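Subject: Structure handover

Hi,

Here is the structure I promised to pass on. My notes on the packing and the contacts follow below it.

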Amino acid sequence: MALLEIRNLHATVDDKPIINGLDLTIGGGEVHAIMGPNGSGKSTLSYVLSGRAGYEVTEGEVLFDGKNLLEMEADERAREGVFLAFQYPVEIPGVTGITFLRTAVNAVRQHHGEAPFDAMDFVKFVREKAAGLNVSDDMLKRAVNTGFSGGEKKRMEILQMAALDPKLAILDETDSGLDIDALKVVADGVNAMRTKERGLLVITHYQRLLDYIVPDHVHVLAKGRIVKSGGKELALELEESGYAEFLEDAA
Amino acid sequence: MPDGSGHMQPYLDQALEGSGSFAGAGTDWVDALRRDGAHAYGLHGLPKRRDEYWRYTNLNALADEQFRLSDGAPAIGLPSLPHKLVAELATYRVVVVNGRLRPDLCALGELPDDVLVSGLEDMLTAAPARLEPYLGKIIRLNDMPMAALNTAFLNDGMVMFVGDGIVLDKPVHLISITAPGADAMMVQPRHLVVMGKDTTATLIETHITTEGGSSFNNIVSELHLDEGANLNHFVFQEESKTTVHLSGTAVAMAAKTTYDSFVLQSGAAIGRSEIRAYMNGPGSDCRLDGVYLATDKQVVDNTTFVEHAAPECRSRQVYKGVLDGQSRGVFQGKVHVMRDAQKTDGHQLSRALLLSPRAEIDARPELEIYADDVKCSHGATAGELDEDLMFYLLSRGIPREQARRMLIEAFLSEAIAEIPLEQVAEDFTTHVRQWLVDNVDAHAGQDAT
Amino acid sequence: MAADAEAVEQVKSIGEQYKYGFVTDIEIEFAPKGLNEDIVRLISEKKEEPEWMLEWRLKAYRHWLTMEEPKWQKPQYPAIDYQDSYYYAAPKSGDKPKSLDEVDPKLLETYEKLGIPLREQEVLAGVEGAPMVAVDAVFDSVSVATTYKKKLEEQGIIFCSISEAVREHPELVKQYLGSVVPYSDNYFATLNSAVFTDGSFVYIPKGTRCPMELSTYFRINAENTGQFERTLIIADEGSYVSYLEGCTAPQRDENQLHAAVVELVTLDDAEIKYSTVQNWYPGDENGKGGIYNFVTKRAACRGKNSKVSWTQVETGSAITWKYPSCILQGDNSVGEFYSVAITNNAQLADTGTKMIHIGKNTRSRIISKGISAGNADQTYRGLVRIQRGASGARNYTQCDSLLIGDKCGAHTVPYIESQNPSAQVEHEATTSSIGDDQLFYCLQRGMDEEEAVALIVNGFCKEVLQTLPMEFAVEAQKLVGISLEGSVG
């Protein structure tokens, strides 16, 4: 059984169709990249999968670990193991990173019948995860994402991913706003989490990120559908030729 | 109605006596309107300190001295205006002396078809039906006692109708002259502006006083903006320090309208500008800005009320003042966001500079919000010039007085810079500069001795 | 730092909305219903007060008869029948017990249920490693126990009920009672001056830093009873004290009046930190029942370099109406006001502060966080006045309102009056709602909606909550979550 199975997915935002018959299957341990021009529906796909309000599925189905993902609320999907690394992580004034993370991790643990961490154990737990990501204690004590640089925000996203240990991680334009050094740190963090079980869906406009997080499969998204699929070499092709041909094809 | 003879309702008698001879007497709705005004004022009387909207501005002067209603426009000519660029600007000129339109001083040649500029008295006599849908319908009298008093005296002023689709080529310049005789005199002008659909116009007002005894100028303006109307409104309040100047403006804004108001007050013993904007249709934009300059024992009051009754409207208020001598500045601003006015964006800012140890600022910026998807904020500051900035200028060799003027001008310019009409902005700046030379330098000189 | 997370967890585990709504079944001695001079005399007699105290009460009572109930506030309430209430209610266990062993076990049990430690070796419920806290427990009209009195006396600190202070320390009471809030101050303060029953008295002698938190725990238990407590705290030169106040009441269908007066006095270089977690019964979700919390709290910073800091977390009461204030008389004195007010369902609150700057270089800081949910309506009303002589005065005010849902309201009414050019006054206010993007971000990390809201609101209030002593902060954070239960979804 595949980890994620999307069949003939159609979705609208404000009654405007954005996803128009998308099929995609991700198996455990696989890394899939979705590439596409602006407005092709990449971010919409990530929000549809994570259950954001306002993104309406009009047709099709999504199975996650054999369960109907679309029936679940956003928080339930998260607790079941769907993680979205946001393109623009949100600031929450007054709530420290460590409090935010502990609240989230304990919600997930309790969902799986595990005992919640107490404050001391959690600090140890997070420090271990944070070490490789260059996330300092100081960053964890500051309010979530508040006043963070682009690189800090993205590192914080990956730390959350590591702490929440999802079955499926969706990275939405994780490379945006990062310089090359920051990109490497983030990519190393992601690669460290590649396991035989975990699925990764990497959404990106540019091929650059895929030099560091090497995908097993690459798909081209245009006008809300996957118009071409291939191996990692497809990303390089796109880098050469651009998206123009797919825009015409899909039209 | 309580008997109007008492100390608390001065002037009610005069209004009731005059009502038979005012324009439009005998027209039912006009009589009723004046009666409503007299009734509302009679119930309330002169504002008292416990009236939230009059907490800081004391009108005892109006009870202590008996002002008589002016008995008509004296035969004065047009005095030279203090503002050079605006005076030279090509405009449609309307002149009101002691609350009465003076057709001989107006210059209204070549008004476009479907634009009417006239006197209220003439309209009340000749075509009251055209006024009926608007006059008295925009201002709310129950908590505006002075506007109610004006309504009881309703008789003359300026009326302006701009027909649908018209973009007026020149600004309308309303010159309002208070010309008292030897005795305490009162005038009660009433203005009405009706902007049709998709119209654009600019209204400039200049308020001045000629030499004479004390005077009390109690103005009400009602502005009606139909869908898509845009009105720029600039006011120079420069009455003499023997005048009590109270102005109440109510603006009814339909959908997709803009109202852009700027009030400069530096005149009058008590100068109050109260503006109430009712944002009744979605997608509208309201901007209320002002600068006030006061010295001696002047009281300058800016009171605003913006009612967001429809969604997706924006309101901005920036008021800045400089207070010298024993003057007092008052800013009371309220943004009221009603239940359905989602996506409201409302902001107000009041900043005051106190230049003298005997000056005072009282500010009450208020937010009342019943819709949850809104962005509203206000800010208020009071203090003196920033010493660090001052030091920076001094350290560059700029003399203290000049540095002071520069910093005050810079402080005020944030508000003035927003004025879209260049000549008005220039004249405002010139006026501020001259005021600083006349007042602040003299004061600074005293400090040094 | 993990305290707020803990709070969030607790939110879920506490089943009922108001967990202090129980009634203690104990025999109560009531004075007859109604208000007249005889009742005033009776209260005075019950308290074994000297003549001067009775005279002061009567003066207040007679003045009260001439006053009109104020109507200017935003929350309006049905007329209170002052003759249909008890003004004195006390557990019938005879004299105040000499030691805890003599306290009625039912009372001990009550405070245990409320998490208030009356045994000196205990600490506030559930907090490990918390410092010692001395408690004065007021039950309806009387103080039933005061802990750590002996230990405090060793340092000359007086911590007792106000009734006891009137008898044992008349010179201090005479000097300071009514010196900050005169008996004629306002309708409810005047009523309180006539019929106040109990409350706490604190005196910190010169140069003494109070070695533990002092706290008073107010409990309204009896039906149809008004509570009129009176608190007086004096910090003599160079002293410091941190004082906490907590309040709860049973769940009842009728409204009960709580009209307290708190007076604080700081002399040169002294500091008082006064924290309140107010959790009176708020009424049910339709607005039936609940406490009318009409309170006058005022501090006089008389000495130079003195400081008073008010922190309040207001989550309870049907109507809250109070403005803890500072009169900054001493040069360089400092006043602070930190407030979180949460109104949910049909609750109303009109609260804020007054900072009156009289002395030179006086400073004040106001941080107010208002949260409205359900059908609730909330007003921040604050006055900052800089008087002519207050050269170099500084004020900073920030008031933020958060609306949850589309049936509530927030009203911000600051009054700013400055008569001194060298003073700087700065006021900022915002009103906003919880952002959809913030909520979704939390949900995507696995939190449910109530958890997410409690977390975001605790973040919104953080600046205020972190000024509370640690053991109160935890309690307050839990309350934030509980108070907002049912406000989303």
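I start with a helix pair in chain A. Helix 3 of chain A crosses helix 6 of chain A in a right-handed sense. Please bear in mind throughout that this is a predicted model.

Helix 3 of chain A covers residues 97–111, and helix 6 of chain A covers residues 150–164. Their axes lie 10 Å apart, at an angle of about 30 degrees. Angles under 35 degrees count as roughly parallel, so helix 3 of chain A is roughly parallel to helix 6 of chain A. On the helix 3 side of chain A, the contact residues are A:G97, A:F100, A:L101, A:A104, A:V105 and A:V108. They meet A:M156, A:L159, A:Q160, A:A163 and A:L164 in helix 6 of chain A. By class, this contact of helix 3 with helix 6 in chain A has nine nonpolar residues, two polar ones and no charged ones.

Next, a pair in chain C. Helix 2 of chain C (residues 37–46) packs with helix 3 of chain C (residues 51–65) at about 155 degrees. The axes of these two helices of chain C are 10 Å apart. Angles over 145 degrees count as roughly antiparallel, so helix 2 of chain C runs roughly antiparallel to helix 3 of chain C. The crossing of helix 2 of chain C with helix 3 of chain C is right-handed. Helix 2 of chain C contributes C:E37, C:V40, C:R41, C:I43 and C:S44. Helix 3 of chain C contributes C:L54, C:R57, C:L58, C:Y61 and C:R62. The classes in this contact of helix 2 with helix 3 in chain C are five nonpolar, one polar and four charged.

Helix 8 of chain B spans residues 387–395, and helix 9 of chain B spans residues 400–416. They pack at about 130 degrees, with axes 10 Å apart. That angle makes helix 8 of chain B oblique to helix 9 of chain B. The crossing of helix 8 of chain B with helix 9 of chain B is right-handed. B:L389, B:M390, B:L393 and B:L394 of helix 8 of chain B form one side of the contact. B:R400, B:A403, B:R404, B:M406 and B:L407 of helix 9 of chain B form the other. The contact of helix 8 with helix 9 in chain B holds seven nonpolar, no polar and two charged residues.

Now the domains of chain B. Domain 1 of chain B is 12–281, and domain 2 of chain B is 386–449. Their C-alpha centres are 32 Å apart. In contact are 16 residues of domain 1 of chain B and 13 residues of domain 2 of chain B. The two domains of chain B bury about 1,200 Å² between them, 79% of it from carbon and sulfur atoms. B:L85, B:F234 and B:F262 supply 42% of the area that domain 1 of chain B buries against domain 2 of chain B, more than any other three residues.

Last, the chains. Two pairs of chains are in contact, and chains B and C share the most contacts. Chain A and chain B do not touch, and their nearest C-alpha atoms are 16 Å apart. Between chains A and C, 37 residues of chain A are in contact with 26 residues of chain C. About 2,600 Å² is buried between chain A and chain C, with 65% on carbon and sulfur atoms. A:V90, A:R102 and A:T103 supply 19% of the area that chain A buries against chain C, more than any other three residues.

Best wishes

Note on methods. Residues are numbered from 1 along each chain as its sequence is written. Chains are lettered from A and ligands numbered from 1 in the order in which they are written. This is a predicted model: local features need pLDDT of at least 70, side-chain atom pairs count only at pLDDT 80 or more; totals for chains, interfaces and linings use all residues. Side-chain values use heavy atoms; hydrogens and water are left out. Axes are lines fitted to C-alpha atoms, for helices over the stretch in contact, and angles run from 0 to 180 degrees between N-to-C directions. Helices (H or I, at least four residues) and strands (E, at least two) are DSSP runs, numbered from the N terminus. Angles under 35 degrees count as roughly parallel, over 145 as roughly antiparallel, 65 to 115 as roughly perpendicular and the rest as oblique. A crossing is left-handed if the near helix is turned anticlockwise from the far one by less than a right angle, and right-handed if clockwise. Contact means heavy atoms within 4.5 Å. Ala, Val, Leu, Ile, Met, Phe, Trp, Tyr, Cys and Pro count as nonpolar, Asp, Glu, Lys and Arg as charged, and the others, Gly among them, as polar. Domain bounds come from an automatic or database domain assignment. Buried area is the accessible area (1.4 Å probe) that two parts lose on being put together, summed over both.
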